[in-house]
Amino acid sequence: MPNSVPMKQTHFKRIIARNVTVPLAAGIAGALIFVAVITYLLSVMSSVEQSEKVIGQAHEAAKLISDEESGLRGFLLSNDELFLAPYVIARSKAAAALQTLAASVKDSPVQLERVRSIIGLRDGWNEYAREAIALRRKDGQFMTLVRSGRGRTTVEAIRTQFNGFL
């Protein structure tokens, strides 16, 4: 290379800076964006997992309340104490399930209010159930209470609250 002109040192440094610094800065910026996206996705996944957990708890509580209703209905129709077993079992489990559900949504005032409403409605329904059981055991004159529709409307209100919750 007899015709080559020596390159000035400042020009060489500028070329090196452009060919090394720019790609390095772009790589670091890309890595930071990648870390930010991964962090965001992990937080979203955590929220989704929490939502799935709460939905599962709500479905379990609704199932237990349905078991209470079915047990009561079976007893009222048959006057057989064996049919009260699902009612008795589900009664204690449902109370605990609703308290767990309330604790799970304590950070959401709207959802917490819905759970409290469900708890209040369920307490009213349980009072109805106790009255119906006592009447059925006493003299069998429970049909007036059943025909009043109090139990049915309360259960429908509970289902409406669960639908709103979900």
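Leaving aside neighbours within four places in sequence, Gln111 is in contact with Val105, Gly164 and Phe165, where contact means heavy atoms within 4.5 Å. This is a predicted model, in which local features need pLDDT of at least 70, side-chain atom pairs count only at pLDDT 80 or more, and totals for chains, interfaces and linings use all residues. Residues are numbered from 1 along each chain as its sequence is written, and side-chain values use heavy atoms, with hydrogens and water left out.

Gln111 belongs to helix 3, residues 109–138; helices here are DSSP runs of H or I with at least four residues, numbered from the N terminus. Is Gln111 buried or exposed? Its relative accessibility is 16%, so Gln111 counts as buried (buried is under 20% relative accessible area, exposed over 50%, partly exposed in between, with a 1.4 Å probe and protein chains only). A polar atom of the Gln111 side chain lies 2.8 Å from the backbone oxygen of Phe165.

I turn now to the helix pair. Helix 3 packs against helix 5, residues 150–165, at an angle of about 160°, their axes 9 Å apart; axes are lines fitted to C-alpha atoms over the stretch in contact, and angles run from 0 to 180 degrees between N-to-C directions. The two helices are therefore roughly antiparallel, a term for angles over 145 degrees. Among the residues making this contact are Gln111 of helix 3 and both Gly164 and Phe165 of helix 5.

Finally, Asn79 lies in the loop between helix 1 (9–78) and helix 2 (85–104). Although not a glycine, Asn79 has a positive phi of about 60°.

Note on methods. Polar contact = N/O pair within 3.5 Å; in protein donor to acceptor, adjacent residues only side chain to side chain. Parallel < 35°, antiparallel > 145°, perpendicular 65-115°, else oblique.
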